[in-house]
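Here is a set of questions and answers for a reader who is new to this structure. Each answer sets a value against its cut-off.

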Amino acid sequence: MSKAPSKAPSKAPPAPPSLQELRKEIDAIDEQVHRLLMARGDIIDRLIQVKQTQEVGSAFRPAREAGMMRQLVQRHRGILPLDTIESIWRVIISTFTYVQAPFAVHADVSVGEPAMRDSARFHFGFVVPYVGHFSAQAAVEAVAKSKGDLALVSAISSRTPWWLALETDGAPKIIARLPFLERADHPAALPVFVISRVADDAMVTEVQMWSVRVAGWNADIARALAPLAEIVAVPDTAFDGAALLVSDAGTGFDKIKTALIKAGASVRSSALVGSHATRYTVPPNGAARS
C-alpha cells in the first residue's frame with residue numbers, strides 16, 4: 001500500500017498591519033491630497049493669467065459644475081458619506097472661484113437664518129463672504145448691483161414675486177438649485193435657488209424657470225398644474241391674480257401654458273428667468289439617481 005504524500009506545512013496568514021503602519025498610510029494620503037490641492041491652485045493661477053478675469057459676470061460655470069458633480073456621484077464608493085464628498089467638492093470649487101474673481105453670497109434669511117446659513121456654508125464654505133438680507137427681493141437687488149455675486153433664495157415658497165426682477169435682458173438669472181443631491185436627511189436640506197449673472201454658454205438648461213403672470217388663479221388651477229411643473233405662486237394685485245415661478249423639467253412651457261388656460265386662467269405675460277441642472281435623488285440605500 002502506497003504511502004499518502006505528506007502535506008506541506010500550512011503558512012501562517014500574514015499579520016494584519018499595525019496601527020502605526022495604517023496611520024503612516026493615512027498621513028501619506030493626506031500629504032498627496034494637500035499637494036494636489038496646491039497643484040490645482042497653481043493651475044488656477046495660470047488660468048487667471050490666461051483669462052485676465054475679463055469675463056462678464058460670475059466666474060461660476062453651472063453646466064461644467066453639474067457635469068463634474070455627476071461624475072463625482074457616479075464614481076463614489078466606500079464608507080465616506082456622499083454628503084461629505086459633495087460639501088468638500090463644493091467648498092473647493094467655490095474657494096478657487098473666489099480666488100479667480102472675488103464674490104459674496106447674499107442670502108434671504110426670512111426663511112430661517114440657521115437653515116439658510118447652513119446651506120451657504122455647506123455649499124460655499126467660510127472664505128466666501130456671507131451677507132444676510134431680510135427678503136428675497138433685497139438679496140436679488142444686491143446681486144443686480146454687483147458684478148459676480150450670488151443670491152440664495154427659497155425654492156419652494158415666497159412672500160413676494162422676487163423673480164420679476166429677473167425678466168429683463170441683462171438681469172441676473174436663476175443658475176442653479178441646491179442641494180444638488182436630494183435626500184431626506186441632507187445636512188443642508190433647505191431648497192434654494194442660486195441667482196447670478198453668468199455667460200449664456202455656461203448655463204445648464206435641463207430645467208427651465210419661467211416667470212408667469214396670470215389672472216383667475218385659484219386652488220383648482222394649482223392642482224391641475226401640479227403634475228406638470230413645480231410652481232411658486234404669490235398674489236399679483238396688478239392683474240388680480242398671481243405671479244408664478246414655474247419649473248419646467250421637460251414638460252414644455254407651451255404645454256404648461258395650455259394647461260393654465262384650459263384650467264381657467266388667463267396668461268398675461270411670461271418670461272424665461274433662468275435654468276438649472278436636474279437634481280440627483282438619493283434613496284435610502286444610498287445609490288443616487290437622476
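Q: Which residues form one aromatic cluster with Trp162 in this predicted model?
A: Trp163 and Phe193 do. With Trp162 they form one aromatic cluster.

Q: How many aromatic pairs does the structure hold?
A: There are five aromatic pairs.

Q: Why is the pair of Tyr98 and Phe103 called edge-to-face?
A: The ring centres of Tyr98 and Phe103 lie 6.0 Å apart. Centres within 6.5 Å make a pair. The planes of the two rings stand at 70°.

Q: Are Tyr98 and Phe103 buried, partly exposed or exposed?
A: Phe103 has a relative accessible area of 4%. Buried means under 20%, so Phe103 is buried. Tyr98 has 23%. That value falls between the 20% and 50% cut-offs, so Tyr98 is partly exposed.

Q: What makes Ala155 count as buried?
A: Its relative accessibility is 7%. The cut-off is under 20%, so Ala155 counts as buried.

Q: Where is Ala155, and which residues is it in contact with?
A: Ala155 sits in the loop between strand E3 (150–154) and strand E4 (173–178). Leaving aside neighbours within four places in sequence, Ala155 is in contact with Arg177, Pro191, Val192, Phe193 and Val232. The C-alpha atoms of Ala155 and Ile231 are 9.3 Å apart. Along the chain, these two residues are 76 residues apart.

Q: Why is Ser247 called buried?
A: Ser247 has 9% relative accessibility. Buried means under 20%, so Ser247 counts as buried. Ser247 belongs to strand E9 (residues 241–248). Beyond four places in sequence, Ser247 touches Phe193, Val207, Gln208, Met209, Ala229 and Glu230.

Q: How do you know whether Asp236 is buried or exposed?
A: Look at its relative accessible area, which is 9%. With the buried cut-off at under 20%, Asp236 is therefore buried. Asp236 lies in strand E8 (residues 230–236). Not counting residues up to four places away in sequence, Asp236 touches Arg213, Gly241, Ala242 and Ala243.

Q: What makes Leu37 partly exposed?
A: Leu37 has a relative accessible area of 31%. That lies between the 20% and 50% cut-offs, so Leu37 is partly exposed. Leu37 is found in helix H1 (residues 19–51).

Q: Which residues form a nonpolar patch with Leu37?
A: Ile29 and Val33 do. Together with Leu37 they have about 230 Å² of accessible area on the surface. A patch residue needs over 30% relative accessible area. Leu37 has 31%.

Q: How many helices and strands does the protein have?
A: The protein has seven helices and 11 strands.

Q: What part of the 290 residues is buried?
A: Buried residues make up 42%. The accessible surface of the protein comes to about 16400 Å². Carbon and sulfur atoms account for 56% of that surface.

Technical notes: Residues are numbered from 1 along each chain as its sequence is written. This is a predicted model: local features need pLDDT of at least 70, side-chain atom pairs count only at pLDDT 80 or more; totals for chains, interfaces and linings use all residues. Side-chain values use heavy atoms; hydrogens and water are left out. Patches are made of residues with over 30% relative accessible area and no salt bridge: like charges are joined within 9 Å, nonpolar side chains (Val, Leu, Ile, Met, Phe, Trp, Tyr) within 5 Å. Accessible areas come from the Shrake-Rupley method with a 1.4 Å probe; for residues, only the protein chains shown count as cover. A salt bridge is a side-chain nitrogen of Lys or Arg within 4 Å of a carboxyl oxygen of Asp or Glu. Helices (H or I, at least four residues) and strands (E, at least two) are DSSP runs, numbered from the N terminus. Buried means under 20% relative accessible area, exposed over 50%, partly exposed in between (1.4 Å probe, protein chains only). Contact means heavy atoms within 4.5 Å. Rings of Phe, Tyr and Trp (its six-membered ring) pair if their centres lie within 6.5 Å; planes under 30 degrees apart count as stacked, over 60 as edge-to-face and the rest as tilted.
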